[in-house]
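I open this notebook to keep track of what I look up, entry by entry, and of how each reading leads to the next.

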Amino acid sequence: MTPAENVLSRLEKVRQRQPGQWSARCPAHADKGPSLSVRESPDGGVLIHCFAGCTAGEIVDAMGMELSELFPPRDRPPGAPKRTPRLLSAGQALDLLAAESQLVAVAAGNLGYGVKLTEVDTTRVLKAAGIINFLRDQSKGQYA
């Protein structure tokens with residue numbers, strides 16, 4: 001049974017509004033009309049909203065369910081590490097890499113012409129190196 005079928009089987013006065021969207025009586029309060037909206041998301045999860053103000057937790061409790069039952073089971077094997085979303089998109093990472101490498105190139109050029117870097121400049125170049133290393137590690141999946 002899909003999460004949507006499970007939810008809909010526990011509700012009264014269910015009416016399909018359009019494919020993947022229904023209205024029903026809210027089980028969390030004395031609902032005379034259909035104030036609960038139920039929608040199936042593209043990934044198979046269920047979104048619920050009570051226009052009278054009941055929370056999702058109250059609605060799920062009234063149906064004798066857990067919030068986790070609103071979502072399909074994950075394909076992740078037991079014990080597998082959780083995936084963490086990437087902090088930057090590929091485009092953002094490349095833009096940041098370009099800016100930081102430009103800074104390092106200017107500093108290297110100045111050193112080549114005999115210009116001594118100030119303490120602030122040296123700290124900033126070291127920060128740029130750290131950012132470049134972070135971007136390398138992220139692209140290898142160490143932070144994702």
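**Entry 1: a residue in a loop**

I began with Ser-35, which I found in the loop between E2 and E3. I kept in mind throughout that the model is predicted. Is Ser-35 buried or exposed? Its relative accessible area is 13%, and since buried means under 20%, Ser-35 counts as buried. I then looked up what surrounds it, leaving out residues up to four places away in sequence, and found that Ser-35 touches Ala-24, Cys-26, His-29, His-49, Cys-50, Phe-51 and Ala-52.

For another loop I turned to Lys-13, which has its place between H1 and E1. Lys-13 has a relative accessibility of 58%, and because exposed means over 50%, I noted this residue as exposed. Its phi is near 55°, a positive value in a residue other than glycine. I wrote beside this that most residues other than glycine have a negative phi.

**Entry 2: the chain as a whole**

I stepped back to list the elements and noted four helices and four strands in the protein chain, which follow one another from the N terminus as α-β-β-β-β-α-α-α. Of the 144 residues in the chain, 26% are buried. The accessible surface comes to about 10100 Å², and 56% of it belongs to carbon and sulfur atoms.

**Entry 3: the sheet**

In which order do the strands of the open sheet stand? I read the order as E1-E2-E3-E4, four strands with antiparallel pairing. Strand E1 (15-18) and E4 are at the edges with a single partner strand each, so one side of each has no neighbour in the sheet. Direction ignored, neighbouring strands are turned against each other by 25° on average.

Going through the pairs, I found that E2 and E3 run antiparallel and are joined by four bridges, with Trp-22 standing opposite Val-38 in E3. E3 and E4 also pair in the antiparallel sense, over five bridges, and here Arg-39 stands opposite Leu-47 in E4. The hairpin of E3 and E4 has five residues between the strands, and in it Gly-44 takes a positive phi near 95°.

**Entry 4: the core**

I next asked which residues of E4 lie on its covered face. They are Val-46, Ile-48 and Cys-50, whereas Leu-47 and His-49 form the uncovered face. Ile-48 came up again when I looked up the largest nonpolar core, which has 18 residues; Val-7, Leu-11, Leu-36, Val-38, Ile-48 and Ile-59 have the most contacts inside it. The elements that give two or more residues to this core are helix H1 (3-8), strand E2 (21-24), strand E3 (36-40), strand E4 (46-50) and helix H2 (56-62). As a general remark, nonpolar side chains in soluble globular proteins tend to be buried together.

**Entry 5: a check on a helix**

Last, I tested the length of helix H4 (residues 119-139). At 1.5 Å a residue, its 21 residues should span 30 Å, and its end C-alpha atoms are 30 Å apart, which agrees. In H4, the buried residues are Ala-128, Ile-131, Leu-135, Asp-137 and Gln-138, and the buried residues of H4 pack against helix H3 (90-112).

Methods. Residues numbered from 1 in each chain as written. Predicted model: local features only at pLDDT ≥ 70, side-chain atom pairs only at ≥ 80, totals over all residues. Heavy atoms only, no water. Core = buried A, V, L, I, M, F, W, Y, C linked by side-chain atoms within 4.5 Å. Buried < 20%, exposed > 50% of the residue type's maximum accessible area, 1.4 Å probe, protein only. Pairing = 2+ DSSP bridges. Expected span 1.5 Å × (residues − 1). Contact = heavy atoms within 4.5 Å. Axes fitted to C-alpha atoms, helices over the stretch in contact; angles between N-to-C directions. Areas by Shrake-Rupley, 256 points an atom, 1.4 Å probe, with all protein chains shown as cover.
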